[in-house]
Amino acid sequence: GVRCSPSVISTMAAEHKEDELPAALGWVVSLLEPGTRPGVFTFFKMVVFTLVLTLAGMLHFLEVDAEVAMHLKIFLGLATVLACITVWFFYELQIAQAAAPASAEVKKDK
């Protein structure tokens with residue numbers, strides 16, 4: 001397959017207008033831009049949940065030694081906790097971002 005480094009993708013994006021980019025490339029470019037966007041949160045949650053599903057699948061479908069299974073169970077537990085914390089944190093962040101404009105208007109009125 002073809003490999004593109006972030007600098008190559010950024011250079012390609014700089015050469016073309018955002019609306020001229022293919023949808024997949026535009027999405028990748030938006031992930032590489034500084035700042036937090038909903039796409040970054042969605043991508044991170046997708047990665048964490050894919051990790052949980054992969055570990056669960058490994059435990060279920062692979063026949064491994066008891067010692068390896070113990071390590072997979074520990075890693076699965078840690079990944080599950082990470083997934084829960086990630087969902088909670090992004091939920092709280094959305095609430096805080098929604099409340100930020102309201103608190104800015106209150107400060108203006110004073």
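User: Let's start with M70. Which helix does M70 lie in?

Analyst: In this predicted model, M70 lies in helix 4.

User: Is M70 buried, exposed or partly exposed, and how do I read that?

Analyst: Look at the relative accessible area: under 20% counts as buried and over 50% as exposed. M70 has 42%, so M70 falls in between and is partly exposed.

User: Which residues make the nonpolar surface patch?

Analyst: M70 makes the patch together with L51, I74, F75 and L78, and the patch covers about 460 Å². Helix 4 gives the largest share of the patch, with four residues.

User: Now the inside. What makes up the largest nonpolar core?

Analyst: A core here is a set of buried nonpolar residues joined through side-chain atoms within 4.5 Å. The largest one has seven residues: V48, V52, L55, L72, L76, A79 and A83. Helix 3 (38–61) and helix 4 (66–109) are the elements that each give two or more of these residues. The largest share, four residues, comes from helix 4.

User: Which residues does V52 touch, leaving out those up to four places away in sequence?

Analyst: V52 touches L76, A79, T80 and A83. Of these, L76, A79 and A83 are listed in the core along with V52.

User: Which residues of helix 3 are buried?

Analyst: F41, V48, V52 and L55 are buried in helix 3.

User: How does the span of helix 3 agree with its number of residues?

Analyst: The idea is to multiply 1.5 Å by one less than the number of residues. Helix 3 has 24 residues, so helix 3 should span 34 Å; its end C-alpha atoms are 34 Å apart, which agrees.

Key:
Residues are numbered from 1 along each chain as its sequence is written. This is a predicted model: local features need pLDDT of at least 70, side-chain atom pairs count only at pLDDT 80 or more; totals for chains, interfaces and linings use all residues. Side-chain values use heavy atoms; hydrogens and water are left out. Buried means under 20% relative accessible area, exposed over 50%, partly exposed in between (1.4 Å probe, protein chains only). Contact means heavy atoms within 4.5 Å. Patches are made of residues with over 30% relative accessible area and no salt bridge: like charges are joined within 9 Å, nonpolar side chains (Val, Leu, Ile, Met, Phe, Trp, Tyr) within 5 Å. Accessible areas come from the Shrake-Rupley method with a 1.4 Å probe; for residues, only the protein chains shown count as cover. A salt bridge is a side-chain nitrogen of Lys or Arg within 4 Å of a carboxyl oxygen of Asp or Glu.
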